[in-house]
Protein chains: 2
Amino acid sequence: MSAAKNPKNGKEAIRRENVATILQAAEAVFATKGFSGATTAEIAARAGLPKPNLHYYFRTKAALYRAVLDDILALWLDATASIMVEAEPADALRRYIDAKMTYSRKRPFASKVFANELLHGAPAVKGFLGGAMKRLVDDKAKVIEAWIAAGKLAPVDPHHLFFVLWAATQTYADFDCQIAAVLGKKKLGSGDFDRAGETVSALVLRGLGLKP
Amino acid sequence: MSAAKNPKNGKEAIRRENVATILQAAEAVFATKGFSGATTAEIAARAGLPKPNLHYYFRTKAALYRAVLDDILALWLDATASIMVEAEPADALRRYIDAKMTYSRKRPFASKVFANELLHGAPAVKGFLGGAMKRLVDDKAKVIEAWIAAGKLAPVDPHHLFFVLWAATQTYADFDCQIAAVLGKKKLGSGDFDRAGETVSALVLRGLGLKP
DNA sequence: CAACGTCTTGACCATTTGGTCAGGATAGCA
DNA sequence: TGCTATCCTGACCAAATGGTCAAGACGTTG
């Protein structure tokens, strides 16, 4: 096995590692500073690399931003896995809320970068929103409608249900500092996220006529 | 009555008008570009003034941002008016949701500026969050708890209830482009906001054991 | 081991941008 | 009418920042 084919050694490994390091640093900086506020110098410093080296891997700041965003979009499409006709509604929704809440706790930077992108009109992901994401949501909305038609769920607009679920879960990542401040804490702990998940689940499930 | 005391004429009126125009332009630009992405040149252009004139009224970009933010914080503290012990829970909550949703529809820029500020760690409003806002929310949380104690409401963590309500209503201002894209529309119309308000109200009220 | 392609980096550049300044215009007032 | 305070603005500047470049280091391969 040549080094070129073994990802653990050689230049291929160097590239892989550096790209990963840069993406991670970039996600953090874009999350806390926004696209315009982030500087390539800061990202490079956080990645522990000289700036020109960063530009060697990603020619422009915009290209780096796109790469970070692409990573995040991939995450997005997964979480809905539990929503399928065969599943028990209460179970599926509980799982979905839990998945989204976990994502907010574990990948807050990703959520923030995405939120920031949306806030500014989604210049870089408009295509995704109206394309892959719309198709996915339309699809899952049909599942909800099927549940309603089967009398398993109180009538509700499925799309708006999703908007509420996204908002209620992502708010704990995006606006964590507000929530922490109002709760009188310095930072949110896993206990807060548990409580949040329970509250959202209880509200939504009972709101849909299901047993929490 | 001297001109100086009559706000409709004279230099005082000029100042008032220019300040208002600048604040409005700034709110729009800060909302769509963020603090770092906004340029004083663009704000000035939008306000129809030369840049140095803008700096005449607001010495620095940061000062202008603070002024915009202060306007927004004032709005924030009002919406909760309907939450009081004497009120009927279902009625009060419906009103609150409606007020927040209206605010999302009518003042989307304000919501976005605030969201942007929170996303970036609230450097400029941390004091407000842990101060006036925390006190207000703690106060309103006691009202919710009183309702629960009186058996008018299913048990729920009052703070997290508020977080969910904020998220569910503000998402229609902050992330409008995502919602529009998923709904297959160019822009959200008042019909969408109506439907959103109904959905949130129905979910939350039933979720709290109330009649929607 | 030599030659080649990939990676690394200090120094540098052009542009953007927040902010300044000096002097002119204008409103209010004696 | 003339004096003062406020308002307006074209021209300008220093700092920050995205991006470049040329030269050197390093791993890989024939």
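How much area is buried between chain B and chain A, and what share of that area do carbon and sulfur atoms give? I started my notebook with that question, keeping in mind that this is a predicted model.

**Entry 1: the two chains together**

I looked up the area buried between chain B and chain A and found about 4,500 Å², with carbon and sulfur atoms giving 69% of it. B:Leu119, B:Val182 and B:Leu203 supply 16% of the area that chain B buries against chain A, more than any other three residues. I also checked the contacts: 56 residues of chain B touch 56 residues of chain A.

**Entry 2: how the copies are related**

Next I laid chain B on chain A. The same surface serves both copies, since 100% of the contact residues of chain B recur in chain A.

**Entry 3: bonds and helices between the chains**

I counted two salt bridges between chain B and chain A. I noted B:Arg195 with A:Asp157, where the closest N and O atoms are 2.5 Å apart.

On the side of chain B that touches chain A, the elements giving two or more residues include α1 (10-37), α6 (108-119) and α7 (126-149) of chain B. The largest share, eleven residues, comes from α8(B). Sorted by class, this side of chain B has 31 nonpolar, 16 polar and nine charged residues.

**Entry 4: inside chain A**

Then I turned to the domains. The assignment for chain A gives domain 1 (3-59) and domain 2 (69-207). Their C-alpha centres lie 29 Å apart. Nine residues from domain 1 of chain A and eight residues from domain 2 of chain A take part in the contact. About 580 Å² is buried between these two domains, and carbon and sulfur atoms give 63% of that area.

How many salt bridges cross the interface of domain 1 of chain A and domain 2 of chain A? I found one. The side chains of A:Arg107 and A:Glu27 meet in a salt bridge at 2.9 Å, N to O. Helix α1 (residues 10-37) of chain A brings eight residues, the largest share of the domain 1 side that touches domain 2. By class, I listed five nonpolar, two polar and two charged residues on that side of domain 1.

Technical notes
Residues numbered from 1 in each chain as written. Chains lettered and ligands numbered in written order. Predicted model: local features only at pLDDT ≥ 70, side-chain atom pairs only at ≥ 80, totals over all residues. Heavy atoms only, no water. Contact = heavy atoms within 4.5 Å. Domains from an automatic or database assignment. Buried area = accessible area lost by both parts, 1.4 Å probe. Salt bridge = Lys/Arg side-chain N within 4 Å of Asp/Glu carboxyl O. Helix = DSSP H or I, 4+ residues; strand = E, 2+ residues; numbered from the N terminus. Nonpolar A, V, L, I, M, F, W, Y, C, P; charged D, E, K, R; others polar.
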